[in-house]
Amino acid sequence: SSAPEIRIYEVGPRDGLQNESKFVPTEHKIELINKLAAAGLKNIESASFVSPKWVKQMSDGSEVMKNLKRVPGVNYPVLIPNLKGYHIAKQCNIEEVAIFPAGSEGFSQKNLNCSVEEGLARFQEVAEQAVKDGLRVRGYISCIVGCPYDGPISPSVIAKITERLLAMGCYEVSLGDTIGVGTAGSVRRLLTEVLKVTTPDKLALHFHDTYGQGLSNLLAGLDFGIKTVDSSISGLGGCPYARGASGNLATEDLVYFLYGLGVNTHIDLVKLVEAGRFISNYLGKPTESKVNRALGDR
Ligand code: HMG
Ligand code: MG
């Protein structure tokens with residue numbers, strides 16, 4: 001049989017940068033996105049259109065989307081919190097939007113300033129409009145196994161939100177372990193429940209690596225047949241409204257891991273490492289990717 005395929009969904013320019021306190025100039029954001037595309041990534045979440053009063057780092061989303069170099073065949077989705085953000089993003093030649101309800105009340109209040117139910121209603125409006133406009137819609141659920149405010153989250157709660165997002169027209173739902181507290185065990189229990197309401201081709205895995213469990217959680221998830229994985233260049237990432245959240249699973253580590261499984265990712269690891277170095281050097285901090293450290297030091 002042919003080599004298995006895994007779809008990598010890069011979130012570095014959005015999830016990676018949103019947590020950085022030092023403002024990254026627009027041209028550096030764009031250069032990062034262009035380098036990621038040049039390394040072979042086909043899905044690059046490039047901006048968010050959230051309130052600039054909430055996340056200043058992402059306030060230049062329009063400039064980023066209007067000026068990045070569009071590579072044919074590369075998808076540049078953006079994160080959208082409400083119709084206001086949608087209408088701004090719509091002026092920027094976008095093809096895919098991502099909506100992001102929370103799996104827990106505590107985090108919903110902190111991240112979206114509303115309840116889970118109110119958040120779902122707002123996101124439903126965004127999804128309806130986007131579908132009408134012919135755009136693809138992706139759904140995230142945050143705090144899939146644990147919330148920094150509410151503690152452990154029941155898998156059945158996440159399964160219900162997954163169903164709702166799919167009913168809104170999302171082509172896939174990315175299950176987000178926002179604070180990285182998941183383990184292979186809790187991820188298995190979650191997926192067993194979620195896969196009662198959908199099939200693996202409708203799911204993606206979004207692991208933050210706070211507790212160093214990202215790759216083992218991923219391996220647990222791949223056993224269920226899931227074929228889309230979110231990761232962030234250099235392991236950047238975190239949500240400013242999730243206490244204790246740190247970086248995402250690093251894209252360099254993911255690509256190295258997939259090589260080992262015989263998956264052809266069509267990604268140039270050398271160029272990927274260079275992209276990671278570029279942004280880490282700019283931010284003035286060491287890379288969070290062990291693979292980047294191992295290869296970059298040569
Ligand atoms: P709010 O303060 O309740 O909203 O925030 P509001 O409607 O009262 O608006 C406040 C001000 O912001 C108003 O301005 C609005 O016009 C403006 P004023 O009238 O005071 O001058 N505003 C906007 N401006 C531009 N674009 C917009 C927009 N919306 C309002 N879209 C809101 C509610 C949802 C807006 C806010 O809570 C928000 O922006 N939250 C987003 C926080 C965020 O970006 N978090 C990180 C992303 S989530 C994540 O990282 C998790 C994920 O990776 C998955 C995982 O890891 O699990 C996806
Ligand atoms: Mg995230």
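The following legends describe close-up views of a predicted model.

View 1. Eight strands form an open sheet with parallel pairing, in the order β1-β10-β9-β8-β5-β4-β3-β2. The edge positions are taken by β1 and β2 (47-48), each of which has a single partner strand, so one side of each is left without a neighbour in the sheet. Within this order, β5 and strand β8 (residues 172-177) run parallel and are joined by four bridges. Arg-138 has Glu-172 as its bridge partner in β8.

**View 2. Strand β10 and its two partners.** Strand β10 covers residues 228-231. Parallel to β10 runs strand β1 (residues 7-10), and four bridges join the two; in this pairing, Tyr-9 lies opposite Asp-230. Strand β9 (residues 203-207) is also parallel to β10, to which three bridges join it, and Ala-204 is placed opposite Thr-228. Between β9 and β10 the chain passes through helix α9 (residues 214-222), giving a β-α-β crossover that is right-handed. Which residues of β10 point one way, and which the other? Thr-228 and Asp-230 point one way, while Val-229 and Ser-231 point the other way; all are buried.

View 3. Leaving aside residues up to four places away in sequence, the contacts of Val-78 include Glu-45, Ser-46, Ala-47, Ser-48 and Phe-49. Val-78 also touches Gly-61, Met-65, Ala-89, Ile-94, Val-97 and Ala-98.

**View 4. Gly-12 and its surroundings.** Gly-12 belongs to helix α1. Is this residue buried or exposed? Gly-12 counts as buried because it has 28 C-beta neighbours inside 10 Å, the cut-off for burial being 20 or more. Beyond residues up to four places away in sequence, Gly-12 touches Leu-32, Leu-36, Ser-232, Ile-233, Ser-234, Leu-236 and Thr-251. Gly-12 and Gly-235 are 223 residues apart in sequence, yet their C-alpha atoms are 7.8 Å apart in space.

View 5. Asn-113 is not a glycine, although its phi is positive, at about 60°. Asn-113 is located in the loop between α5 and α6. Because Asn-113 has 13 C-beta neighbours inside 10 Å, this residue counts as partly exposed. Cys-143, likewise a residue other than glycine, has a positive phi near 60°. Cys-143 is located in the loop between β5 (136-141) and β6 (146-147). With 31 C-beta neighbours inside 10 Å, Cys-143 counts as buried.

Terms used: Residues numbered from 1 in each chain as written. Chains lettered and ligands numbered in written order. Predicted model: local features only at pLDDT ≥ 70, side-chain atom pairs only at ≥ 80, totals over all residues. Buried ≥ 20, exposed ≤ 12 C-beta atoms within 10 Å, placed from the backbone. Pairing = 2+ DSSP bridges. Right-handed = clockwise from strand over helix to strand, strands pointing away. Contact = placed C-beta atoms within 7 Å.
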